[in-house]
Amino acid sequence: MKSNLLKADQQLNVCEEQVYKSVFNETSKSIFNYIYYKFGNEEKANDAVQEAFVKLWENCAKVAPEKAKSYLYTVANNLYLNVIKAEKVRLKYADATLKTTNESPEFIMEENQFKEKLDNALNSLPENQRTTFLLNRIDGKKYTEIAKMEGVSVKAIEKRMHLALKSLREQIDGI
C-alpha cells in the first residue's frame, strides 16, 4: 500500500515534465492576461509570467499540482508589485527623454490625445476595478473566476465592475 501511495505522489509532482507542461498550458495565458491588465505592458507581463514559471520550477517539489495555479498568480502578482515599487523609485530620479519618430506631428498629437484620454480613464480606476474590468471585458472571465483569482467574493467583483463602468462612462463621454 505504501508503494502505491509513493507512486501516486510521484505522478502528482510538479517536477515531472508532463505535469509542469500541463500546468503551463492550462494557466500561462490567463496569468499573462491578469498581469498584463495590471501592468498595461506586454513585455513586462511576459517577463513576470516567465519568472513566475521559473520560480514554480525551482520550487516544484514544494508545490502540489492543484496549488500550482494559485502559486503562479501569487508569484506573478508579487513580481508586479516589486516592479511597480522599483519604477516609482526610478521615475523619481529619471531624466525625461525625447522620443523621435517619422510620423507627422498632427498624427502624433491626435494619437497621444487619444491614448491619454483612454489611459486616464483606465488609470483613474482603482487597480482592483481596472483589473476586474479588463479581465471581464477583454479576457472574457466570469465574475466567479475573477473572484477566485482575486480572493474575494462574487459580490465584491460585481461592486467593482459597477463602479468601474460608472466611472468609465463619466470619463469616456468626451472620447
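**Ground rules.** I am working on a predicted model, where local features need pLDDT of at least 70, side-chain atom pairs count only at pLDDT 80 or more, and totals for chains, interfaces and linings use all residues. Residues are numbered from 1 along each chain as its sequence is written, and side-chain values use heavy atoms, with hydrogens and water left out.

**Helix 2 and helix 3.** I took helices as DSSP runs (H or I, at least four residues), numbered from the N terminus. Helix 2 packs on helix 3 (residues 42–58) at about 145 degrees, with the axes 9 Å apart. For axes I used lines fitted to C-alpha atoms over the stretch in contact, and angles run from 0 to 180 degrees between N-to-C directions. The crossing of helix 2 and helix 3 is right-handed; that is, the near helix is turned clockwise from the far one by less than a right angle, anticlockwise being left-handed. I listed the contacts (heavy atoms within 4.5 Å): among them are Y20, F24, I31 and F39 of helix 2 and A45, V49, F53 and W57 of helix 3. By class, this contact has 15 nonpolar, three polar and two charged residues. The classes put Ala, Val, Leu, Ile, Met, Phe, Trp, Tyr, Cys and Pro under nonpolar, Asp, Glu, Lys and Arg under charged, and the others, Gly among them, under polar.

**Helix 2 and helix 6.** Next I checked helix 2 (residues 17–39) against helix 6 (residues 127–137): their axes come within 9 Å and cross at roughly 135 degrees. That makes the pair oblique, the label left over once under 35 degrees is roughly parallel, over 145 roughly antiparallel and 65 to 115 roughly perpendicular. This crossing is right-handed too. Y34, Y37 and K38 of helix 2 meet E127, R130, T131, L134 and L135 of helix 6. I get four nonpolar, one polar and three charged residues there.

**Helix 6 and helix 7.** Helix 7 (residues 143–150) packs on helix 6 at about 140 degrees, axes 10 Å apart, so the two are oblique to each other. I noted a right-handed crossing here. T131, T132, L135 and N136 of helix 6 touch Y143, I146, M149 and E150 of helix 7.

**E150.** What does E150 contact beyond its neighbours within four places in sequence? I found Y34, T131 and R160.

**Largest pocket.** I put about 420 Å³ of space in the largest pocket. Which residues lie nearest its centre? Of 15 lining residues, they are Y36, F39, G40, N41 and D119. Helix 2, helix 4 (65–93), helix 5 (105–123) and helix 6 each give two or more residues to the lining. The lining's classes are seven nonpolar, three polar and five charged. A pocket here is an open set of points on a 1 Å grid over the protein atoms alone, where a 1.4 Å probe fits, with protein on both sides within 12 Å along at least five of seven lines; lining residues have an atom within 4 Å of a point.

Terms used: Grid points are joined across faces, edges and corners, and a volume is the space filled by probe spheres set on the points.
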